[in-house]
Amino acid sequence: MGETTTKPGLEGVIAAAKQAPGRGLPPVHLWNPAHCGEIDIVIRKDGTWFHEGSPIGREALVRLFSTVLRKDPDGFHLVTPVEKMKITVEDAPFIATRVDREGEGLKFLTNVGDEVVAGPENEIRVEMDARTGEPRPYLHVRRGLEALIARPVFYELVELAQERDTPEGPRLEVESNGAWFPVGPAGAHQL
């Protein structure tokens with residue numbers, strides 16, 4: 001029989017993530033490990049994961065890490081049943097790289113393989129960058145984790161949008177699973 005050991009750091013995260021049954025996600029929201037620390041992993045604004053300053057080139061490893069990622073009030077962590085290690089996320093941890101209309105929903109694909117249908121549980125939100133005035137669109141993926149919607153995907157959303165009257169004035173919005181989401185501030189499409 002195999003011996004169960006607790007491996008520290010990166011090896012422990014890999015071992016815990018591999019124990020997720022099937023393609024499902026591990027129940028990181030239920031894990032409350034006592035041990036906390038930091039690990040030199042950074043998720044850059046473009047969605048690239050780095051470990052100790054070098055990009056993590058193995059897509060399967062990044063996907064594995066993404067399954068044990070959790071957002072807590074004090075930041076982002078890779079969580080196992082016995083460890084909770086803080087990492088750095090420059091913007092959103094994921095990038096929405098594709099969108100397709102499927103029935104009444106908009107189904108997004110992220111850079112780590114998550115498929116998310118926008119709706120009341122997974123909202124789309126758009127912030128306006130104070131410095132550039134450019135839109136920064138996001139999609140809720142799971143438990144507080146978001147994906148930055150890639151620019152080409154956002155352009156597709158704008159093409160799908162309809163003008164709707166709001167208390168702030170006419171605004172472009174997109175519908176998915178019965179919920180409407182603005183793709184910019186009121187009146188921006190009329191400039």
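User: Why is E173 called buried?
Analyst: Its relative accessibility is 4%, and buried means under 20% relative accessible area, with exposed over 50% and partly exposed in between (1.4 Å probe, protein chains only). So 4% puts E173 in the buried class. Keep in mind that this is a predicted model, where local features need pLDDT of at least 70 and side-chain atom pairs need 80 or more, while totals for chains, interfaces and linings use all residues. Residues are numbered from 1 along each chain as its sequence is written, and side-chain values use heavy atoms, leaving out hydrogens and water.

User: What makes E173 and R171 a salt bridge?
Analyst: Their closest N and O atoms are 2.9 Å apart. The term asks for a side-chain nitrogen of Lys or Arg within 4 Å of a carboxyl oxygen of Asp or Glu, so the pair qualifies. R171 counts as buried because its relative accessibility is 18%.

User: How do you know that the charged end of R164 sits over the ring of W180?
Analyst: It lies 4.1 Å from the ring centre.

User: Why are R70 and D72 called a salt bridge?
Analyst: The closest N and O atoms of R70 and D72 are 2.9 Å apart, so they fall inside the cut-off. R70 has 11% relative accessibility, so it counts as buried. D72 is buried too, because its relative accessible area is 13%.

User: What joins the side chains of K84 and D72?
Analyst: A polar contact of 2.9 Å. That's a pair of N or O atoms within 3.5 Å; within protein, one must be able to donate a hydrogen and the other to accept it, and residues adjacent in sequence count only if both atoms are side-chain atoms. K84 lies in strand β6, residues 83-89, and at 15% relative accessibility it counts as buried.

User: How do you know that E115 is exposed?
Analyst: E115 has a relative accessible area of 56%, so it clears the exposed cut-off. Its salt bridge partner is K107, with the closest N and O atoms 3.5 Å apart. K107 is at 21%, so it counts as partly exposed.

User: What about D114: is it buried or exposed?
Analyst: Buried, because its relative accessible area is 15%. D114 is found in the loop between β8 (105-110) and β9 (115-117). Its side chain makes a polar contact of 2.9 Å with that of R142.

User: Which residues does D114 touch?
Analyst: Not counting residues up to four places away in sequence, D114 touches F94, F108, L109, V141 and R142. Touching here is contact, meaning heavy atoms within 4.5 Å.

User: And how many salt bridges does a search of the whole structure find?
Analyst: The search finds 16. As for burial, 45% of the 191 residues of the protein chain count as buried.

Definitions and conventions: Helix = DSSP H or I, 4+ residues; strand = E, 2+ residues; numbered from the N terminus. Lys NZ or Arg CZ within 6 Å of the ring centre and 35° of its normal.
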